[in-house]
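Good morning, and thank you for the time.

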Amino acid sequence: MRRGSFRKAGKSKPVIYAVAILSILTAGLLVAGFLSSSGSKGFAHESTYERYDSGFVIAQPGSYDSIDTAVVKEIDTDKKRITFMNVETGRYYTLDYDGTTVIQDKYGGSMSMEQMRNGDIVDVTFLRSKKRLTGMKLSESAWILEKVEKYNFDVLGKNAEVGGGTYSLRNNLVISSEGRDAQFEDIVRGDVLSVSGIGNSVYSVVVEEGHGYLRLSNEEYLEGGWIEVGQSVIQRITEDMLLVVPEGTYDVHLTAAGIDEVRTVTISRNQETTLDVGDVEIEEAKTGKILFAVTPGSAVVSIDGEEVDISAPVEIEYGLHQMVVKAEGYDTITRYIKVSQELASISITLEESLGEDGYEPDYDAVTSVSANEYNSAASNYKVYIDSPSDVEVYLDGIYIGMSPVSFKKDPGLHTITLRKPGYITKSYTIQIDDEEKDITYSFTDLVKESTVTISGNTVGSGSPTVSGNQTVSSN
């Protein structure tokens with residue numbers, strides 16, 4: 001009994017030890033599993049990410065995969081989008097921007113989006129796949145001519161004379177006015193421009209200061225007299241005249257027989273301003289005498305279109321008058337003279353003409369011309385305005401009729417203005433050649449006042465159709 005009990009007890013101790021060890025291991029595994037499922041979740045997630053990598057990488061601010069030199073065509077601040085034109089291909093593309101987009105001047109200084117404008121030439125960096133703009137810097141290779149008042153754009157010849165230099169016009173370039181697309185046809189003499197380019201090429205033209213319109217009402221007492229609008233416009237007063245005037249505030253000087261008054265007007269871009277002159281004071285007309293000393297002695301002097309005898313003092317009413325001096329073999333001089341005293345003298349010396357026929361009128365010196373005053377052989381031919389139809393047509397501010405209409409051909413730069421009630425008045429600067437043949441212009445339809453049009457066309461599209469050279473110039 002004792003041995004048997006001994007053998008039984010001897011076999012139970014190892015079993016008890018094994019059970020105890022197994023229990024401890026099981027508890028340890030359970031604790032380890034609990035810790036793994038709770039405190040070690042992050043490690044399990046990371047392991048899963050590495051195993052099933054999608055390839056997605058978060059773009060860091062300033063990162064990009066594409067670069068370009070382009071012209072800013074349009075900035076949409078509401079949608080935070082910018083449309084660019086590639087300077088090499090002329091193609092347009094649009095990119096989104098946000099607060100991480102880096103904007104700099106050409107020296108690397110910080111700029112805001114509000115400081116950028118249409119027509120700026122910029123170096124851009126962007127993420128092509130996301131169409132997101134990451135950086136924009138005013139291009140170091142670009143130049144800009146600001147406040148340009150004298151220019152000549154030969155659209156068909158693709159040449160430009162700006163600021164004393166000669167440049168080529170790209171087939172595609174950005175033209176902007178008031179932050180919107182414009183065309184060369186929208187530019188008239190007197191507009192102030194900013195012109196930008198790279199090397200010898202012009203890539204953008206921005207109208208900094210545009211033009212508006214001035215009309216006189218109750219002007220019958222002033223007809224035949226003169227109107228001066230600041231230093232910008234000098235014009236003979238006619239019935240129903242409509243002047244193209246650079247935007248701004250001006251003193252308007254009105255002179256006629258017994259009338260000498262000054263009024264103030266403000267001209268807004270593309271808007272028509274009416275000045276009522278029905279209350280002008282009429283006084284007894286005063287006259288002064290002018291002594292002329294002209295070389296050569298064969299020269300002929302005309303005052304307000306009438307030839308005068310300069311062998312004796314010429315009596316002229318006080319006020320502004322147009323003087324033309326010409327002689328065969330010499331350049332013609334056209335000036336405006338202001339008579340304001342009883343006796344004065346004028347000395348004039350004509351320069352010999354370099355024209356092939358020994359006589360070359362100085363058309364560019366004429367700042368305004370009556371529709372009935374023509375002196376060249378081309379005046380036997382006509383200029384036709386075919387379209388749009390049923391609109392008022394003005395030649396250099398003088399009403400010539402409802403379209404379709406024609407007028408005698410007078411070589412040189414002229415301003416054609418089209419007007420129709422309820423529509424936006426439109427002006428064009430045209431270059432009339434001296435060829436002995438008729439010429440025809442067809443312009444685009446006028447836009448209703450309630451409609452805003454953003455063109456987006458390339459240069460030349462939407463321009464007037466003309467059988468001759470097309471030039472935009474300001475001299």
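This is a predicted model: local features need pLDDT of at least 70, side-chain atom pairs count only at pLDDT 80 or more; totals for chains, interfaces and linings use all residues.

I begin with Glu272, which is partly exposed because its relative accessibility is 30%. Throughout, buried means under 20% relative accessible area, exposed means over 50%, and partly exposed lies in between, with a 1.4 Å probe and protein chains only. Residues are numbered from 1 along each chain as its sequence is written, and side-chain values use heavy atoms, with hydrogens and water left out.

What is the salt-bridge partner of Glu272? It is Arg419, with 2.8 Å between the closest N and O atoms. The criterion for a salt bridge is a side-chain nitrogen of Lys or Arg within 4 Å of a carboxyl oxygen of Asp or Glu. Glu272 belongs to strand E20 (residues 272–276) and Arg419 to strand E32 (residues 412–419), so this pair ties together parts that are 147 residues apart in sequence. Helices (H or I, at least four residues) and strands (E, at least two) are DSSP runs, numbered from the N terminus. Arg419, at a relative accessible area of 17%, is buried. Through shared partners, salt bridges join Arg215, Glu272, Glu392 and Arg419 into one network.

The count of salt bridges comes to 21. Another of them joins Lys73 and Asp181, whose closest N and O atoms are 2.7 Å apart. Lys73 is in strand E1 (residues 66–76) and Asp181 in strand E11 (residues 180–181), 108 residues apart, and the pair thus links distant parts of the chain. Both Lys73 and Asp181 are buried. A further salt bridge, at 1.9 Å from N to O, is formed by the side chains of Lys426 and Asp186. Lys426 is in strand E33 (residues 426–432), while Asp186 is in the loop between E11 and strand E12 (192–198), so parts 240 residues apart in sequence are tied together.

I turn now to the nonpolar cores. Such a core is a set of buried Ala, Val, Leu, Ile, Met, Phe, Trp, Tyr and Cys residues joined through side-chain atoms within 4.5 Å. The largest has 20 residues, and those touching the most other members are Leu214, Leu222, Ile227, Val229, Leu243, Val245 and Val252. Strands E14 (211–217), E15 (226–229), E17 (242–246), E18 (248–256) and E19 (259–267) each give two or more residues to this core. The largest share, four residues, comes from E18. Apart from this core lies another, of 19 residues, including Trp143, Ala160, Leu169 and Ile175.

Next, the sheet. Which strands make up the open sheet, and in what order? Four strands are arranged as E16-E15-E18-E19, with antiparallel pairing. Pairing requires that DSSP finds at least two bridges between two strands. The edges are strand E16 (233–236) and E19, each of which pairs on one side only. The twist averages 20° from one strand to the next, where axes are lines fitted to C-alpha atoms, for helices over the stretch in contact, and angles run from 0 to 180 degrees between N-to-C directions. E15 and E18 pair over four bridges in the antiparallel sense, and Glu228 has His253 in E18 as its bridge partner.
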